[in-house]
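The entries follow in the order of looking.

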Amino acid sequence: MPHDHHDHDHLSPSGHPYRADNDGPLTYWQTMEVAIRELMVEKGELTAAQIQAQVDAMDARSPANGAAVVARAWTDPDFKARLLANGSDAAREMGFDIGPMHLVAVENTADVHNLIVCTLCSCYPRNLLGLPPDWYKTREYRSRAVREPRAVLREFGVDLPADKTLRVHDSTADMRYIVLPARPSGTDGLDEAALAALVTRDSMIGTGLPKAP
């Protein structure tokens, strides 16, 4: 299972994974994007500065946004209830612009673990987690997360007891999921900022757990 924690078999001497060069010809859809973008600028519908501002805003998103939401839910029971009832509104409440996306927060408990996948492509709560990791978009993860999710989790280092319920959630273009991981023990005295530092990207996908304090 390719992921970015244990894939040591395909590393360069510098420790970075080998990746194919991306200087080949543009694909059909890349060419279409360039053509539409340039046409909209030419017609005065958008400016190049507006497009770049949107690109910068997208690049600025990171798992730290989602971690802040999780930490708030760990410390504020009322917010947690609102998050589980309507993830979109709760995220907006904290000032995160998630657009028209319908966000569903699913909670890990002592009896239930949740795992997020997009079997169709790479749907992902980018507004809260930033860009998806490469492995999330692979056909192998997308198929195996549904077919043998416990085996996939073991490869990520999460070995669930047999009696723990595992729920796999398939994202769509309109509906995205975020896992609300269980708060680690020994964190009673930590504030939101300290708690957020324990929340990993993978713990909000379900392929990992929060860090211990």
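I looked up the second largest pocket and found that domain 1 (27-59) and domain 2 (62-205) both give residues to its lining, so the pocket lies between them. The domain bounds come from an automatic or database domain assignment. I noted that the model is predicted, with local features needing pLDDT of at least 70, side-chain atom pairs counting only at pLDDT 80 or more, and totals for chains, interfaces and linings using all residues. Residues are numbered from 1 along each chain as its sequence is written, and side-chain values use heavy atoms, without hydrogens and water.

I checked the domain centres, taken over C-alpha atoms: 31 Å separate domain 1 and domain 2.

I noted what counts as a pocket: on a 1 Å grid over the protein atoms alone, an open set of points where a 1.4 Å probe fits, with protein on both sides within 12 Å along at least five of seven lines; lining residues have an atom within 4 Å of a point. The second largest pocket holds about 240 Å³ of space, a volume being the space filled by probe spheres set on the points.

I listed the lining: 14 residues, with Met58, Arg61, Arg126, Asn127 and Leu131 nearest the pocket centre. Seven lining residues are nonpolar, three polar and four charged. Here Ala, Val, Leu, Ile, Met, Phe, Trp, Tyr, Cys and Pro count as nonpolar, Asp, Glu, Lys and Arg as charged, and the others as polar.

I looked up the helices (DSSP runs of H or I, at least four residues). Both α2 (48-60) and α6 (126-129) supply at least two lining residues, and α2 gives the largest share, three residues.
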